[in-house]
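These are my notebook entries on a structure that I examined for the first time. I set down what I looked up, entry by entry.

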Amino acid sequence: MGWVADADLVAATGRAGGFGFLAGAVMTPEEVAGGIAAIRRQTDAPFGVNFHMYTPQASRIVDICIAEQVRAVSYSRSPDSATIDRFKAAGIICIPTVGALKHAVKAVQLGADALVIQGSEGGGHTGQVATSILLPQVRAAVDVPLAAAGGFRDGRGLIAALSLGADGIAMGTRFLLTQESPVPDATKRVYLETPPERIIVSPVLDGMPQRMVLNDQLQRLIVASSPLLAMRAVKNAFAMSRQTGDSPWALLKSGWKMYRAGDQSLGATMMSANAPMMIQEAVVHGRPETGILPSGQVAGLIDDLPSVETLISGIITEASTTAERVAKLTFADSKSESGAPDSDGASQ
Ligand SMILES: Cc1cc2nc3c(=O)[nH]c(=O)nc-3n(C[C@H](O)[C@H](O)[C@H](O)COP(=O)(O)O)c2cc1C
């Protein structure tokens, strides 16, 4: 999670038995290298790095991941097959996140070792198909380990995901709402208070469907005219250039590469500078009323800020009791009592 999965949150996740990904997609190469070192100072547990292949310095981040021998990399836009081959030759596991069946199939063809399957409930950029539909769809089509994402927060969800064919779960929003998450308290409070129906999907921020809290700022973007959005994008592109040290020309070249790859429209590409600046306003600077809060719908079910250790151990305990409860159910008896079809298909 951009600006959220920092070294401390990743290290805490590893110490608690989870597997965290450093938010390399919004970091400079120097910040990624510093983040890897900071994680290793805190734990020996394995971890990965998330990166975005269209950022201007993506190839340097790839080099750092390989040189540092991180355990895994994650991405939502697949790098070219030569880059994937380099990761694999270095023994680094490739775990892309996909939100549609065709992207899952393509990612495996390109060499993915495992997949995170994110249903439309999930936070940030997200697809159109719900986790409960996408997961069995992908399970039937590919033969690599799957982590289900989008809507998970507890042990019951873990068992549900396993039942639908996953090998585990991946969570974003639940980790954002922990003690170790660096998100300022004022912003965490807004996440905790928002009901599920006010966590919506809109393309208005950067042209691609993204799930976010419907606060006043998002409402203003939704009613703003296209020229106003375009002007905001230009302003934010210059602000981003100052922040990352990438020249406006380098940002323009990245946008052009993304557009040429056919991943999104020209309008969407031009708006893509909006997201980083407006998200940081809320999740880094702690001003939720003027920023944008990417969020899974599951935030509407979350009302606490546990430590990562308490969260993960609670999930394991609840998964065990849920599995025991489910194992005790006797479907054969309830079938004959309810008048459901018997073995030859006839209804009693
Ligand atoms: C604030 C926020 C930032 C995110 N940033 C990224 C990112 O930089 N890269 C990425 O691959 N996914 C990103 N995601 C998606 C998460 O990694 C994860 O797949 C998603 O949150 C899962 O759904 P859930 O929120 O229902 O758990 C982000 C999600 C949130 C809520």
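**Entry 1**

I took helices (H or I, at least four residues) and strands (E, at least two) as DSSP runs, numbered from the N terminus. Residues are numbered from 1 along each chain as its sequence is written. The model is predicted, and local features need pLDDT of at least 70, side-chain atom pairs count only at pLDDT 80 or more, and totals for chains, interfaces and linings use all residues.

I then asked how much of α1 (residues 7-15) is covered. Seven of its nine residues are buried. Here a residue is buried if 20 or more other C-beta atoms lie within 10 Å of its own, exposed if 12 or fewer, and partly exposed in between, with C-beta atoms placed from the backbone. The buried residues of α1 are A7, L9, V10, A11, A12, T13 and G14. Their cover includes β1 (21-23), α2, α8 and α15 (308-328).

**Entry 2: The chain overall**

I noted 16 helices and 11 strands in the chain. Of its 348 residues, 43% are buried. I also looked up contacts, which require the C-beta atoms of two residues, placed from the backbone, to lie within 7 Å. Among contacts between residues at least 6 apart in sequence, 61% join residues at least 24 apart.

**Entry 3: Helices α2 and α3**

The axes of α2 (residues 29-42) and α3 (residues 58-67) come within 9 Å and cross at roughly 20°. Axes are lines fitted to C-alpha atoms, for helices over the stretch in contact, and angles run from 0 to 180 degrees between N-to-C directions. The two helices are therefore roughly parallel to each other; angles under 35 degrees count as such, over 145 as roughly antiparallel, 65 to 115 as roughly perpendicular and the rest as oblique. α2 passes α3 in a right-handed crossing, that is, with the near helix turned clockwise from the far one by less than a right angle. In the contact, P29, V32 and A33 of α2 meet R60, I61 and I64 of α3. I recorded five nonpolar residues there, no polar and one charged. Ala, Val, Leu, Ile, Met, Phe, Trp, Tyr, Cys and Pro count as nonpolar, Asp, Glu, Lys and Arg as charged, and the others, Gly among them, as polar.

Is G34 buried, exposed or partly exposed? G34 is in α2 and counts as partly exposed because it has 13 C-beta neighbours inside 10 Å. G34 and A7 are 27 residues apart in sequence, and their C-alpha atoms are 8.7 Å apart.

**Entry 4: Helices α5 and α6**

I found α5 (residues 101-109) and α6 (residues 131-141) packed at an angle of about 35°, their axes 9 Å apart. The crossing of α5 past α6 is right-handed. L101, A104 and V105 in α5 meet Q137, V138 and A141 in α6. That contact has five nonpolar residues, one polar and none charged.

**Entry 5: L158**

L158 lies in α7 (residues 155-163) and counts as buried, because 23 C-beta neighbours are inside 10 Å. Leaving aside neighbours within four places in sequence, L158 is in contact with F152, I169, I315 and A319.

**Entry 6: The ligand**

Last, I listed the shell around the ligand: 29 residues surround the ligand, and the closest are G122, G123, G124, G172 and G296. A residue belongs here if its C-beta atom, placed from the backbone, lies within 6 Å of the molecule. By class, the shell has 13 nonpolar, 14 polar and two charged residues. Helix α8 (residues 173-176) gives the largest share, three residues.
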